[in-house]
Amino acid sequence: ILWILYHGIRIGMLFYRGRDSYFSTTAFEQHVANPEYRILVAGDSTAFGIGAKKPEESTAGRLGALYPHAEISNISKSGDRVVDTLIKLREVSTVSEKYNLLLMQVGANDITRRTPLDKLQKDLGDLLDVANETSQQVIILHSADVGTAPIFPEPIDWYLGRQSRMVRDLFLQVTAEKRVTYVDLLQAGTDDIFLHDVERYYAADHFHPSGEGYRVWFEQIEKVIKPLFN
């Protein structure tokens, strides 16, 4: 009981520390005259940019800096799972012309909320089918090992780490079947970099990435994005 009370208070305090980001963050979008490319960003709080001090520090914001002449729309929402992104993307695909690039950051909430793997496999497959119809190029990623986030105590960290690896394996399988580019943050080892300097790479809640954390992620994304428009 004392363990539950202690960690319940601790987690609550960390989320309280991060409250400003939850309510003040604006998803990055970029609107330009006569855009050269059309980019769509979708997914959960990491696609929205929760944890970054300003929208330009999120992965979507860094996309804007990389492609200043691109039109960037963002339909992400904190808390969204794969199935939620699927619903939104179906709506977009019926009203918009095809995008040049679709970047999706989604899956962390399926890990923490324990979406059954068989359902997740179907949802992800359906999502990638719609994504391929919506955009010429599709890139997807999810948070690395969620269990390494300092907010989680033992044994919750171990359980979420196991869930993260199973979801990663599923993403590897389904993205290969659908011929979609998957940015494997677990393989890239970014979770280890984050733990080397928690205050630098994690936001105040010790759950979401900070602006520097998003920079580390974007370095992995950028390696894949650069060839797309050449």
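The exercises below, each with a worked solution, go through a predicted model of one chain.

Residues are numbered from 1 along each chain as its sequence is written. In this predicted model local features need pLDDT of at least 70 and side-chain atom pairs count only at pLDDT 80 or more, while totals for chains, interfaces and linings use all residues; side-chain values use heavy atoms, with hydrogens and water left out.

**Exercise 1. State how many helices and strands the chain has, and what share of its residues is buried.**

Step 1. Helices (H or I, at least four residues) and strands (E, at least two) are DSSP runs, numbered from the N terminus. The chain has 12 helices and 5 strands.

Step 2. Buried means under 20% relative accessible area, exposed over 50%, and partly exposed in between, with a 1.4 Å probe and protein chains only. Of the 230 residues, 53% count as buried.

**Exercise 2. Describe how helix 7 and helix 8 pack.**

Step 1. Two packed helices are described by the angle between their axes and the distance between the axes. Axes are lines fitted to C-alpha atoms, for helices over the stretch in contact, and angles run from 0 to 180 degrees between N-to-C directions. The axes of helix 7 (residues 117-134) and helix 8 (residues 156-178) come within 10 Å and cross at roughly 35°.

Step 2. Contact means heavy atoms within 4.5 Å. In helix 7 the residues that meet helix 8 include Leu120, Leu124 and Leu128; on the helix 8 side, Leu170, Phe171 and Val174 are among them. The residues of this contact divide into 9 nonpolar, 5 polar and 2 charged. Here Ala, Val, Leu, Ile, Met, Phe, Trp, Tyr, Cys and Pro count as nonpolar, Asp, Glu, Lys and Arg as charged, and the others, Gly among them, as polar.

**Exercise 3. Classify two aromatic pairs and locate their partners.**

Step 1. Rings of Phe, Tyr and Trp (its six-membered ring) pair if their centres lie within 6.5 Å; planes under 30 degrees apart count as stacked, over 60 as edge-to-face and the rest as tilted. The count comes to 7 aromatic pairs.

Step 2. Phe152 and Phe207 are 5.7 Å apart centre to centre with 90° between the planes, an edge-to-face pair. Phe152 is in the loop between strand 4 (135-141) and helix 8, and Phe207 in the loop between helix 11 (198-201) and helix 12 (211-225), so the pair ties together parts 55 residues apart in sequence. Phe207 is partly exposed, at 22%.

Step 3. The ring centres of Phe171 and Tyr182 are 5.7 Å apart and the planes stand at 45°, so this pair is tilted. Phe171 belongs to helix 8 and Tyr182 to strand 5 (residues 181-182), 11 residues apart. Phe171 is buried at 0% relative accessibility, and Tyr182 is buried at 14%.

**Exercise 4. Decide whether Arg179 and His206 are buried or exposed, and give the phi of each.**

Step 1. Most residues other than glycine have a negative phi. Phi of Arg179 is near 55°, and phi of His206 is near 60°.

Step 2. Arg179, in the loop between helix 8 and strand 5, is exposed at 78% relative accessibility. His206, in the loop between helix 11 and helix 12, is buried at 10%.
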